[in-house]
Amino acid sequence: MSAESDWSCDANDAVQITIVQPDQEKPKTLSSFHPQFTYPIFGEEEQIFGYKGLIIRLRFAAHNLRPHAHVSYDEKYKAVDDAAPADITKALRDFLPEEAFSPLSEFESAVQGEDAKEFVPPGKLVHDYSMRGRNYEIWAASLADSRVQQLLSRFQIMVSFYIEAGTPLSTDDPEWTLERWMVYFVYEKVEPPTQTASQYSIVGYATTYRWWFYQRNRSQKPTPKEGPFPLPEPVRPGELPSRLRIAQFLILPSHQGTGHGVNLYNTIHKACVDDATIMELTVEDPNESFDVLRDSADYHILRPEFLKHNITINPDPWTEPTKKTKRVPTSSLLPLKILSEIRTKYKIEPTQFAHIQEMFLLGQIPRKNRRKGGANMSRLLIKKHRADDPNDRRYYWWRMLTKQRLYKRSRDMLIQLKMGERHTALEDTVTNVEEGYEQLFEFFNEREERLKAQQEEAETSSNRDQRGKRKFTVEDEDDDEEEEQIVVAKRPKA
């Protein structure tokens, strides 16, 4: 008998996720991929004991997300004392509805069924867009909608697979609580391969919830009000001032790196801006990749406003250049009132707004005057705000403003350090923050060039098609989108 270690396998490799669509005889595969995490299901080690050649195939219908789980293997370990093969089906039952364990023939019959062509995503169509000649739609609906609950119950295992520490939503809460949640589904509009197939194919989804935002008008003295309690008519969540928080955000691996995440985020942000009861858009514990996506989207939202108001750092905040002070003259360096109005208008959370503001202000300083462009840091530390070049002075003040924000955020930790250690920690952190912004600038430039090239290619292809349009039929080969891997450092935070 082989050693017990030979009977263990990597759960991430064993699980195969497949998105399927109806075809002439049986469902065909649109995309297939492995999970990023399986520890919520199979334990911290992400190992499954007791099988050789193990394959856990999870199929999902592209339109209504109906699931099917199938386990196969070459050999199974014979239990000895406490050593027994893992009960895979039992582990999956906590993350998939019971219909996922029906016979394969029943699943295929349901996917191929004639009702597929009638499928329309739940809720309201809130945005549509096109990329690379393919069309997409984003639908939004309340979690109180039973159709939304069904789709999530079928697909929420993806939260455990791709969102670290992510928790599937509970749909057993009272209706008032469910109404706080909004779910956004991203679907591709496809040409149905059969007369009974659906024209919708899942791309990803996100969930948001309203979080009560306490506001007090300090100009008015609080006064008691007469009236019945509790209120005769319940107050609905949509009537209360709130922060909107993005809880889960997932684009399937086969569609990542092609702009769907930014379209989904911008759609949620627009809904936030358009709703007078929502004060801010926040995010619940974002990971590295979402930090990059969010920074990119917010930067392109706010940059036109910053340019319109000519936001820049005043290189000469003092009328007396030799004046000494221990405080950063923030109100003389930046137009704080205008910045506050921009932040309020676009409902960006203060810390996130500060990051985007810092990034923009750094970008307004010529590259040659920044560390990335070879700026003489030793001379800058000596001359400081007395540097001859106004852009050197702007760069000096940019670093001071960033240090000021970092100090306020991490004051409790920094005051425990000696003065020299405190200065070194702040200097190193500011440099780290700046390097993160520089990498984002490179990412933005690469994306702009890529989008420009795609647009030119699409225009060229369109013109060519118009010139050579003929009536003929061809068989298209599979046109799978190539996943683009973009590595960008996580935005440094003190």
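**Entry 1: a pair in two strands**

I began with Ile17, which stands opposite Leu58 in strand E6. I noted that this is a predicted model, in which local features need pLDDT of at least 70 and side-chain atom pairs count only at pLDDT 80 or more, while totals for chains, interfaces and linings use all residues. Residues are numbered from 1 along each chain as its sequence is written, and side-chain values use heavy atoms, with hydrogens and water left out. For the names of elements I kept to DSSP runs numbered from the N terminus, with helices (H or I) of at least four residues and strands (E) of at least two.

**Entry 2**

I then followed the pairing, where two strands pair if DSSP finds at least two bridges between them. E2 is joined by 6 bridges to E6 (residues 55-61), and these two strands run parallel, whereas 5 bridges link E2 to strand E3 (residues 28-33) in an antiparallel arrangement. Thr18 shows both sides of this: Arg59 stands opposite Thr18 in E6, and Ser32 is the bridge partner of Thr18 in E3. I also recorded that E2 and E3 form a hairpin, with 6 residues between them.

**Entry 3: the sheet and a helix across it**

I placed these strands in an open sheet of 4 strands, ordered E3-E2-E6-E7 and mixed in its pairing. E3 and strand E7 (67-72) are the edge strands, each pairing on one side only, and the twist averages 25 degrees from one strand to the next. I found helix H4 (residues 104-112) lying across E2, E6 and E7 and running at about 25 degrees to E6; for angles, I took axes as lines fitted to C-alpha atoms, for helices over the stretch in contact, with values from 0 to 180 degrees between N-to-C directions.

**Entry 4: helix H12 and two neighbours**

I next asked how helix H12 (residues 350-363) meets helix H11 (residues 336-346), and read that their axes come within 11 Å and cross at roughly 120 degrees. That makes H11 oblique to H12, given that angles under 35 degrees count as roughly parallel, over 145 as roughly antiparallel, 65 to 115 as roughly perpendicular and the rest as oblique. The contact (heavy atoms within 4.5 Å) is made by Leu339, Ile342 and Arg343 of H11 with Pro350, Phe353 and Gln357 of H12.

I then turned to helix H14 (residues 390-409), which packs with H12 at an angle of about 165 degrees, with the axes 10 Å apart. H12 and H14 are therefore roughly antiparallel to each other. On the H12 side I listed Thr351, Ala354, His355, Glu358, Leu361 and Leu362 as making the contact, and on the H14 side Tyr395, Trp398, Thr402, Arg405 and Arg409.

**Entry 5: the whole chain**

Of the contacts in the chain with a separation of 6 or more, 74% are accounted for by residues 24 or more positions apart.
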